[in-house]
Structures are given as C-alpha cells and as structure tokens.
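Reader: Hi, can you walk me through this protein model? I'm new to this.

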Amino acid sequence: MRINIDAQRMRQLNKYTVLHWIYNHPNVSRADIAKLTGLNRATVSSLVDELLAEDFIQELGQSTSSGGRKPIILQFNARTGFSIGVDVQISSIKTLLTDARGQVVDKKITTLRPPSDGSFREIMLQIIEEHVRDILRTCPPSSHGIFGVGIALPGMVDYSRGHVYYLPNVNVENWNFTQALASRINLPVVIDNDANCGAWAEFLRHPTDSLVFINAGIGVGAGLILHGQLVRGRHGIAGEWGHTTISATGLLCACGNYGCWELYSSERALARYLHEEGVSETDPFIPSFIERVLAQTPHDIRYQRAFSQLGAYLGIGISNILNAFNPRFISIGGTISQAAHWLLPEIHRMLKKRAIGANKQIGVFAADLDMVAIGAAGLVLSRVLPLTPLPSFNTLNIDQVPHDLPRLLANSESN
C-alpha cells in the first residue's frame, strides 16, 4: 500500500526519529545520528536545534576526536517533564513522581482497610487526589510540567476507554473512573490493570520481545509482553491468570469459578495456610499483612510451611504460563514478592517438575516493589513521548509511529 506523507508529517517523523535515537542511545553526536539514521547532516542539525530549544535534549560538551572538529555529545533531558504513577491495592495506595526516564523522584504511601459499606470509590479518589496535590506542591520545575497521571487498578479495566469493569473485593464495577478522577485533579488520566503496568515497567527497564509480570497480593494477575507490545485482549481484560483453574473441584472464587489459581497463590491463600497451621490473627486485609507475617517467619516453622505451600502453588501456575507462552523471563511483583527468600526455592522446585523442555531454565525473579506504579507513570509517558524501545530501530517505518505525533513534537515547521 502506498502512503503519501506531506513535508510537515515527514519532518515530524524525522524529529521523532532523532529524539528516539538520543533517548535510547546516550552520548551520541549529530554526526552519529546522521550516519545511523540515514538523515542528512543539515536536517539532523536543524532538528537537534529544535529539540534543544524545546528542552527535550541537552548538550554535554565536546567528545574526543580522531581529527578535525570535536563532536558535541547529546543527551535526553530526563527532567524535561514528569509523570505521576499510582498503584491502587486493596490495603494501600502508592503514588510516585517519576522523571521522563521513569526514575522515581517522590513517593507517597497510604495504608487502608477496605470498607464494607461500598465507599471504597470515594476513599480511593480522595487519597489519590491528596497524593497528587502533595506531589504537585513539591515537584521540581520543568519545561513541560506534569504530563499526566497513570493509575494501576487491581481488576478488570478497559485501558482504551478509561472504564472499570470490576474490582474484586471492594464492590466496584461499571465505573467511568477516568472521568471521575480527572474532574478532581485537572490532569490527563490513564488507567490500566496493575499487572499490565508492572509488565510495562519491566519492558522499559529490560527491553525484550517477551516477558510476563505476575502481580500477587490479595489477588493474582499477569501482564504479558509479546513482540514488544502489551497484550490486553479484545476487551482489555487479558492476563486474568489468577482466574485460571488449577483445581476443578476446588474452592469457590468470588468470580463464580472453582479452583482459581489466586485462591492458592495469594495473600488470602497464605492467611488460610497459616490458619490451618494454627496461627491466629491471619486477616490478609489488614495493612502490612505480609510484613507482619515475614517478621515471624524466621522463628516459626509454621510460617515457613505456609510459605512453602504458597510457593508450590505459585510454581504450578507459573509453570502453566511458561508452557503457554515461553517468555524470556517472568517477574513476580506485588506484596508477595517481599517473601521471595521463602518462595523462590519452592517455585523453582515446581518448575523443574512441571515446566517442559527449555521452560525449566527460564528466569523467574522478584520485582522491585515500585514496578507497578512506575509502569503506570510509564504508560502516561508512552502516550506523550512514544520513545519506548522498538523491535528494530534501524528499520523504523511509518506504521510504528503514531499517526498523530504527540502535541509536544507536533509544532515543527516544514523544512
């Protein structure tokens, strides 16, 4: 199919290409960019000047030269603007401020206990609004300010519409969340499932063709990257791996199914295992439940047996995921990841028994506790500045660039 591109569109594409190269390849010069992108030096120089004026990039000074004029080294300006990422969980809400490279600048955390009267919506909105306003007051100055707010939610959501289908355990369903929050904070809002956000953060830090991020807390979900893209499914609810069946006649889940994986591999499962061991005060909905349990684990064999059982069931579900997708690696996030010392040995033992072939050797490790919130902020940045790794930068084509380039890059004049 033939595509006609006018001069302005072509200049925007070239500008995006230059910025993308500088973002993903630190310490490059104008000459490097011209050589590696195929653009002529005059065009590169003109576009670099625009990006410098718009504060997206910086000059670091002169590099060494093998002869002739010393090249000036360019670098993406991580402080050109900021993004806010929010990780909403049943017992806590974490809000981060990140720079344009996803580095954490500020953090707010509020613990809570889910109310039984259906008021979780209002409580969640109030906490997020307070966090955002606090962060705005202390946000460092920048040329482009706050790009927006990304919200990671523990349930089924539609990323494209900003709509919540269902948040288990808190009686929230069929809610235009984006509209509700945007009216309070007056910033662009993006929402996605928490596991998707975690997967996106892992992809930004470790660009690869495939990975799986498992978010394990009160519930369990999975975010999947395939061919460098988040897999959301037709209605945005792909990755609900916690509701796959591992016991056909098992426990009844809130979703209506029996034997769902999350009933055996979550904080709720851990609380049940502890109760079966005779441990009292095993309410998984209390704030800092996993931290309280971990404090006792080194001293009590009952806690260790409970974690061993939890790790075994996590390993069963992870084996299924490995056998289904054969990703490069699997990362385990959420509150459960804090118990990696006790869980990973049992997980790896189960993988040796249940994963097939080369899947037995695929890496499984614990993620940073901030990954979900970082990924939520990263989704905002990806909408504003689509600078994430492409499958092959040297084969960049027009279909890989959004048709309407971001407003921040769309003000170039025709060359």
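Author: We'll take an annotated region, then a sheet, then the cysteines. Keep in mind that this is a predicted model.

Reader: OK. Which residues does UniProt list for "domain: HTH marR-type"?

Author: The UniProt record, an unreviewed entry, gives residues 14–57.

Reader: How much helix and strand is in there?

Author: Residues 14–57 are 73% helix and 2% strand. The end C-alpha atoms lie 15 Å apart.

Reader: Now the sheet. What's the strand order?

Author: The order is 7-8-9. This is an open sheet of three strands, with antiparallel pairing.

Reader: Which strands stand at the edges?

Author: Strand 7 (156–158) and strand 9 (172–175). Each has a single partner strand, so one side of each has no neighbour in the sheet. On average, neighbouring strands here are turned by 10 degrees against each other, direction ignored.

Reader: How many bridges link strand 8 and strand 9?

Author: Three, in the antiparallel sense. Strand 8 covers residues 163–167. Leu-167 sits opposite Val-172 of strand 9.

Reader: And which helix packs on the sheet?

Author: Helix 4 (residues 120–138). It touches strand 8 and strand 9, and its direction makes about 75 degrees with that of strand 9.

Reader: Is Cys-139 buried or exposed?

Author: Cys-139 counts as buried, because its relative accessibility is 18% and the cut-off is under 20%.

Key:
Residues are numbered from 1 along each chain as its sequence is written. This is a predicted model: local features need pLDDT of at least 70, side-chain atom pairs count only at pLDDT 80 or more; totals for chains, interfaces and linings use all residues. Side-chain values use heavy atoms; hydrogens and water are left out. UniProt positions are given in the numbering used here, feature names are shortened, and annotations may be inferred rather than shown by experiment. Helices (H or I, at least four residues) and strands (E, at least two) are DSSP runs, numbered from the N terminus. Two strands pair if DSSP finds at least two bridges between them. Axes are lines fitted to C-alpha atoms, for helices over the stretch in contact, and angles run from 0 to 180 degrees between N-to-C directions. Contact means heavy atoms within 4.5 Å. Buried means under 20% relative accessible area, exposed over 50%, partly exposed in between (1.4 Å probe, protein chains only).
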